[in-house]
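Hi,

Here is the structure I promised to pass on. Have a look at it first, and then read on for my notes.

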Amino acid sequence: MPEVRFEAASAYDFFISLIVLHNPADFGLRPSWAAGVRSRLPAAQREFFEHHLPFLGVPLTWLHDLPLPHKDTTPVLSALEQIPPAERLPRLTLIPELRPEVQIALQEIAATGRATPAMRTLLKAELEAKRHPPPAGTLDYWISAWSNPAAFGEEWLFALRTYFNLFFSEEEARLQPLLEDGVQTASRLLNEQPLPQVVETLTRGVSIAEIQQVSQLTLIPSYWSTPFIFFQRLAGQRALLVFGCRPAHLSLAGGGAVPLTLVDTFKALGDPTRLRILRFLAQQPLTPAALAERLRLRAPTVIHHLNALRRAGLVHIRLDADGERRYDLRREGLNETLTALHRFLDSTEEP
């Protein structure tokens, strides 16, 4: 059984929030609200994030390994500033999970300032292999960044500081107590349940086979990623798991007394295809490909519906060691929905 550690650090949410704001539909966030937040940024920084976030992602490994006592955003950005500009891109994005041949190609682009046709083909295949292929043009932006990593490193740090000053600094103070609550909840569960069950509870229905293969697991609560997770293997048989800790009655975009998770759940249930998916999953666990065959739909369409059901907490995901995903019905999610509905209807609070 892995040794379990905890980390309550708002810098993870700083980077995750950028991903959420630029992919609001994937996280159940109102696109208009996300666009309003992005509009606070000057045009140059807006364009920078739109073009480059698809290949930058969240630097989980770098954040985790930072030797800082407190990983609030300000000291983390100061640590990034201490890295020479040309080294920021490789230091934060060349992770062990990236194939060696891809890493070699990127380093050659940095050394020569250009990409050969073979390199372009390799990098294009790497992007197309992602579960959610990035927008058109990402390949060119990726190559351009590595062609001049020093200039890119300067622009990246400036864009991050701008985003922090114009938006995320407002978030940080209110997030920290909730992140600490997330750590306390996880710690309490570990005293009551075996680790696999704790992971399923914290992630609202995700089983990860690889967790049994690591010697050390760091659990990291996140307000902005809720209900989704980030799982990453690290060097030395270590791994980290970022799990959602946002309370059900709170929303990223604010709101009144109506619990927005309840609204999202009924939206998810109000689609005939999703109801058919739940009925199939009630009979047996299935992969997206198997569901697509039964529904006679394209796999991306099925995955879109599964993501909506996942946001609503209605499906259980089993991540096999080989990367295969199997879904089944999360019946406790249905019970949670009914409980939340009764609680709301019986509440005396003004909606």
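Which residue in S5 does Phe231 stand opposite? That would be Leu241.

Before the rest, a word on the source: this is a predicted model, in which local features need pLDDT of at least 70 and side-chain atom pairs count only at pLDDT 80 or more, while totals for chains, interfaces and linings use all residues. Numbering starts from 1 along each chain as its sequence is written, and side-chain values use heavy atoms, with hydrogens and water left out.

**The hairpin**

Phe231 belongs to strand S4, residues 230-234. Helices (H or I, at least four residues) and strands (E, at least two) are DSSP runs, numbered from the N terminus. S4 pairs with strand S5 (residues 238-244) in the antiparallel sense, over 5 bridges; two strands pair if DSSP finds at least two bridges between them. The two form a hairpin with 3 residues between them, and Gly236 in that turn has a positive phi of about 70°.

S4 is mostly covered, with 5 of its 5 residues buried. Buried means under 20% relative accessible area, exposed over 50%, and partly exposed in between (1.4 Å probe, protein chains only). In a regular strand the side chains alternate between the two faces of the sheet. Here, Phe230, Gln232 and Leu234 point one way from S4, and Phe231 and Arg233 point the other way.

**The open sheet**

There is also an open sheet of 3 strands, in the order S2-S6-S7, with mixed pairing. Strands S2 (206-208) and S7 (325-329) stand at the edges with a single partner strand each, so one side of each has no neighbour in the sheet. From one strand to the next, the twist averages 15°. S2 and S6 (residues 315-319) run parallel and are joined by 3 bridges; in this pair, Ile208 stands opposite Leu319.

Two helices lie across these strands. H13 (residues 272-283) lies across S6 and S7, at about 95° to S7. H15 (residues 299-311) lies across S2, S6 and S7, at about 110° to S6. Axes are lines fitted to C-alpha atoms, for helices over the stretch in contact, and angles run from 0 to 180 degrees between N-to-C directions.

H15 also packs against H14 (residues 288-295), at an angle of about 110° and with the axes 9 Å apart. The two helices are therefore roughly perpendicular to each other (that label covers 65 to 115 degrees; under 35 is roughly parallel, over 145 roughly antiparallel, and the rest oblique). Pro288, Leu291, Ala292 and Leu295 of H14 meet Ala299, Val302, Ile303 and Leu306 of H15; contact means heavy atoms within 4.5 Å.

Leu178 sits in helix H10, residues 149-190. It counts as buried, because its relative accessibility is 18%. Leaving aside residues up to four places away in sequence, Leu178 touches Tyr223, Cys245, Pro247 and Leu250.

**The whole chain**

Overall, the protein chain has 16 helices and 7 strands. Its radius of gyration is 21 Å, close to the 20 Å that the globule rule gives for 351 residues, so the chain is as compact as a globular protein of that length. That radius is taken over C-alpha atoms, and the rule is 2.2 Å times the number of residues to the power 0.38. Buried residues make up 48% of the 351.

Best wishes
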